[in-house]
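Open the model in your viewer and keep the selection tool at hand. This tour says what to pick next and what is there.

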Amino acid sequence: MNKLNFLCSAILLAGCGGNQQPVTATAETTTAIAAGLLPNPDSFRDTVDGLTTGLYFLHNGNLTAAITNYGARVVSLIVPDRNGNPTDVVLGYDSIGKYIHQPDTYFGAIVGRYGNRIGQAKFKLNGKEYTLYKNNGPNTLHGGKKGFDAVVWTARKLDTATLRLTYLSKDGEEGYPGNLNVTVIYTLDSNGLRIDYDATTDKPTVLNLTNHSYFNLNGQGSGTINNHLLQLYADHYTPVDSTLIPTGKVEPVAGTPFDFTKPTTIGGRVDDTANQQIKFGKGYDHNFMLLNSIADEPSNLPAAIATGDLSGIVMSVYTDQPGIQFYGGNFMAGTNPLKAGKTDGYRTAFCLETQHFPNSPNEPSFPSTTLKAGEKYVSWTFFKFSTK
Ligand code: GAL
């Protein structure tokens, strides 16, 4: 049995039975853990805010995911490289304690209630002003002081490949109006990870949910992502001010370092500080307007395709969202101890956060992020893997 098949059968055993609680590691899982392919679920068992945390394994074909209900975070995502070697393509930690004590990275998390930034940490809805927590200079970022990344979700394994997570964000939490019931379903298909979101509220509110996985398609902790190829299906992006709030303008990417309409290395133009937007972002940290969402007819265009230069792993991102935040790891400082004894570092991962545009609640020209009582918010994103 090769390493990958071995891992898969180990996880199949560990993941059976639709358990509500994290499974106990089987002998096979323990061996996979000892081989450094998966974190130990025992290290994720804890009580946070009076609620139980754990680690859940999903398995389908050659793919394996580990997800914790703390922040609904993708901890591991193991896919085969071009030689069939299992490769963990997301950055993460090997224990719940590290997620709690190194919170600023948002590794693998569902971010909300409003992912990305809201300018001046306030917005008006139906004539009333709401004040939020300033955790990013003058702005609020990724839900505020304690966003959805830092709360314990209720998890239920629906089958070996599906995990449902739910969270009730109470009226007034982090300053946002309305009791918001959120459901996130992670489904591991045979060729990728699908994320389905839905939410309802009992008062009008604003909402922007995304997954904040940090990808390195050569394997987490394997150095720079600057030689990855990236293609973004976006002709326009939303430039920002010096605090990374969109100016409200929409600019073409053509002729700028933001033109990823053809596969291009991430690092080729990332330090082109003659470009003011690159300067403001300290590299790439911008929202791109997805062609799929502005096409006259719905199309099956991806949002993005990224390729690991060393592994040959190709990740194609599909979504129903209008934008994608491409963040190139400019704030990474090499201070985070990753799984399997690896460390992170400056620009050693990238995020492709499918979402609505930053600061939409204050920018009427952007697609609306308002959710009314009685309406249902529904959204999906699919990260599909192949090799070349
Ligand atoms: C990104 C954001 C970056 C940075 C990062 C977390 O979503 O665009 O500016 O805050 O999250 O470090």
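How do the residues of the shell around the ligand divide into nonpolar, polar and charged? There are five nonpolar, three polar and four charged residues in that shell. Keep in mind that this is a predicted model.

**Stop 1: the ligand shell.** Select the ligand, then the residues around it. Asp104, Tyr106, Arg117, Leu141, His142 and His212 belong to this surrounding set. So do Tyr214, Asp285, Gln325, Tyr327, Phe331 and Glu353.

**Stop 2: ligand oxygens.** Now show the side chain of Glu353. One of its N or O atoms is 2.8 Å from an oxygen atom of the ligand. Go to His142 next. Here the distance from a side-chain N or O atom to a ligand oxygen is 2.9 Å. Finish with Gln325, where such a pair is 3.3 Å apart. How much of the ligand's accessible area does the protein cover? The ligand has 310 Å² on its own, and the protein covers 93% of that.

Stop 3: Zoom in on β4 (residues 63–68) and β5 (residues 73–80). Five bridges link them in the antiparallel sense. Which residue in β5 is the bridge partner of Ala66? Select Ser76 to see that partner.

Methods:
Residues numbered from 1 in each chain as written. Predicted model: local features only at pLDDT ≥ 70, side-chain atom pairs only at ≥ 80, totals over all residues. Heavy atoms only, no water. Pairing = 2+ DSSP bridges. Helix = DSSP H or I, 4+ residues; strand = E, 2+ residues; numbered from the N terminus. Near = heavy atom within 4 Å. Polar contact = N/O pair within 3.5 Å; in protein donor to acceptor, adjacent residues only side chain to side chain. Areas by Shrake-Rupley, 256 points an atom, 1.4 Å probe, with all protein chains shown as cover. Nonpolar A, V, L, I, M, F, W, Y, C, P; charged D, E, K, R; others polar.
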